[in-house]
Amino acid sequence: MSSLCFYFQVHQPFRLKTKYTFFEIGKNHFYEDESLNRDICNKVSKNCYIPATRLMLDLVEKFKGKFKVSFSISGTALEQFQQFNPEVIELFKNLHKTGCVEFFAETYYHSLAFLYSIEEFRQQVEKHRRAIKELFGGEPVTFRNTELVYSNAIAMEAKNMGFKNILAEGVDKIPGRLSFAAPLGGGGLPDADADGGLGGNPAAGHAFPFGLYYPRGVPEMNLLLRNYRLSDDIAFRFSEKSWKEYPLTAAKYVKRLSGTNSWNKISGESAHKASGYASLSDAALPSAGRTMDKAADKTNSRRIINLFMDYETLGEHHSAQTGIFDFFENLISTIINKTDIEFVMPKEVSQKGLNKTAEKIDVPDIISWADEERDLSAWQGNSMQKSALNMIYKLEENIKKLGNEEITHLWRKLQTSDHFYYMSTKRFQDGAVHRYFNYFPTPYDAYIIYCNVVNDLYETVKKRV
Amino acid sequence: MKVLMLGWELPPFISGGLGTACKGIADGLIKNYIDLIFVIPTGRGGDSVLDSSVKVICADKYIPAQNYLRDFNKKYKQDEENQIVGDFSPYYTSRKNLPSNKAEEAIAEKISLQEEHSILNFAGNYGRNLFLEVMKYAYIGRALGEEESFDIIHAHDWMTFPAGIAAKEASGKPLVVHVHSTEYDRSCLHQNNTIIDIEKKGFDAADKIIAVSFYTKNMIAEKYEVNPDKIEVVHNAVDKNTQFLRYQIRKGFEEKIVLFLGRITEQKGPGYFLDAAVKVLNKMSNVRFVMSGSGDMFPQIVSKMAEYDIADKFHFTGFLNGDMVETIFAMSDLYIMPSVSEPFGISPFEALLYDIPVVISKQSGASEILEHAPKVNFSDTDELAAIIIKMLEDKELRDTVVRQCKEDMQNISWANSSARIKKIYNQLAGK
């Protein structure tokens, strides 16, 4: 029996006025483009949050508890729902009442605070945990850091804060470590094709990660790794007409998810590769393939597939006209009616005993789910981003000395990772994704406007401290 | 005395200092009783701001006699086939205040529909079709040379030189070419040889060359191997009647402001301004640096500023329109012009009208007039930083520089400049 964990990220930043010029510094303390934020929140609520959450409610009801789903909703998104679209909150509350949903904790401000200030990080996670508890009841036990920014140290910190589970990207390569998808010596399988997805190389393409893991040094914690190939088949490629697998149907997708013979064998082999990652000597053996069957048996008992993606995948990134909602509904019913795959929420993995066969994963350096690099380059890749991050975190000491709730909130909203994402100058494929999310004409504009805003905050703080 | 004046910019259709200077010159000439026919590429920017006695001809509206049209169409087809696509980095940058490419095309299309009888659709700025437009403008020059009557031809900068030469060939009248900048000023590193050729042909065909400074005169004589006796220097001026009050604009912060205002291109030396800022900020904190303008070096300068990590003290305003230019001047305490090569440089004079002291590069025409302004070699950022600190710390020094520079400015006026130009006309016409 395999398990499937669906988690959706819900996030909206407080976007800044694109016309906040140098001349506003010290004079105008209203930074946010409220009408833009309202328009976007309304649009995405109409396209996604409302219809998708209604669909989730229908599915939970229809399958009487067999369908389960998880969410992480950033604090900045929650605030905008409360302000502009309270209906969205009500729908999530209704969903919570069914017991088939788990809400995670994250940094309230969807920030990169962990990288700059542990104290600030803890305060933001606490604030989010409280907000979720107050809105939905129940204490979150699963932590996901902004953009799946993850390392051993972050896992340790999450454990210290009382979390039981944590999420990370199922990267091919962990910095400084052997690749998950390293070809076996003499093995017949071609290398994994990072963007091939279903149409690429099904063999190595989606086999890893397949189990439950635990972070090095934190054995009591469950680590769920995102299967990016299968996740991105839906999140990125679903409506891409040039994709070999277009149009993606539920039947086609389920075939990949569920246990065909080839899949078992492949997963067995990949399992071996993955364990090769954990113990280098095995992976180097030319005869690795011979132990395949055994590995497959072992794997099957604790297989868990993690599909993590933006909630906006449903109806916003792929509009309703693409058939994404029908696909999702068909997918859920096919899985429940035609396979032995079981839906799980991260909070259930321990009680279901999935952690008994968990393997250790060592991530000494930071990884994330962003861009091809799966690192921090989407937010820290150029000098503008570094300068902007330095500027905002340099304020911490004085902001905390001041202790003014309103100013602290303003400062924290400026920590939202999106502000730095807009300043990215990456080209090529990721650049297109960056541009899709960017409301500034260029990264340079994003940086300059951000600096103007932060300079105003400097003045405010300077006058008060 | 009647002059056929060939311009490329004229307010409100303007993207740099050229248009402003041409207007000053034209106004001054009118006051000196010179009759003008002023030709510009397009009237799209709006109605002419010149005195109503001036006959303004917009090239894109001009309909030459049938035989020209036939001749033109034949030649134009050839040229279009051999079209050279230009890459004019120093000018690209000033395009922010002009319609964007798509809008431009749409407008051009609209014009061609409305005015099918016209032979030209000028964008009239410095876009990719600049060479073709310069050639088209030359046909108009030739046609006007035959159809209009005048005594002198006066062409401003290389874009109008082929038209000037054509008009001279058609009319036999003397040609004056007026140099507001050369290719060596605009492109410090990579000059465009086609432009240099056009400039050289203009200099050779001209009966007299007017340079806006001795700096430019030397440049023309040396780089283009032109006999210095052929070159007259007539300084530009500023409209001193526009005396701005530094009315109290409330700043949102207390630091003094050091201002750079101009195109963010190699020629204007923005990188030296930034480097000097870093050196100043290492020694004093009660100061902010502001860079106003746009240009092809903008991304590079922004990234470098970020690398220096001085975003709390160094700011960009982007391109500023008239009102905002006034505001930033009124807010500023010190103006820096670190140009690598500046034939004249009107901006320090503007700054002085707001009583802002200036520091200018030695490589400028302005330095010939502003004797009392502190001057630096553009690349000497240690020296520049030291002067900035000295000026910011010493109010008396700032006041003195302003007072003395304003006295220096008394030596220049458009009336004087025009009187000198009139003299040149008279000499040529009397030949």
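The model is predicted: local features need pLDDT of at least 70, side-chain atom pairs count only at pLDDT 80 or more, and totals for chains, interfaces and linings use all residues. Residues are numbered from 1 along each chain as its sequence is written, and chains are lettered from A in the order in which they are written.

**Exercise 1.** Determine which helix gives the most to the side of chain A that touches chain B.

*Solution.* The contact takes 19 residues from chain A and 17 residues from chain B. On the chain A side, α14 (383–394) and α19 (443–464) each supply at least two residues; helices here are DSSP runs (H or I, at least four residues), numbered from the N terminus. With 7 residues, α19(A) gives the most.

**Exercise 2.** Describe how α14(A) and α19(A) cross.

*Solution.* Their axes, lines fitted to C-alpha atoms over the stretch in contact, come within 10 Å and cross at roughly 15 degrees. Therefore α14(A) is roughly parallel to α19(A), the term for angles under 35 degrees. Among the residues that meet are M384(A) and A388(A) in α14(A), and Y447(A) and V454(A) in α19(A).

Key. Two residues are in contact if their C-beta atoms, placed from the backbone, lie within 7 Å. Axes are lines fitted to C-alpha atoms, for helices over the stretch in contact, and angles run from 0 to 180 degrees between N-to-C directions. Angles under 35 degrees count as roughly parallel, over 145 as roughly antiparallel, 65 to 115 as roughly perpendicular and the rest as oblique.
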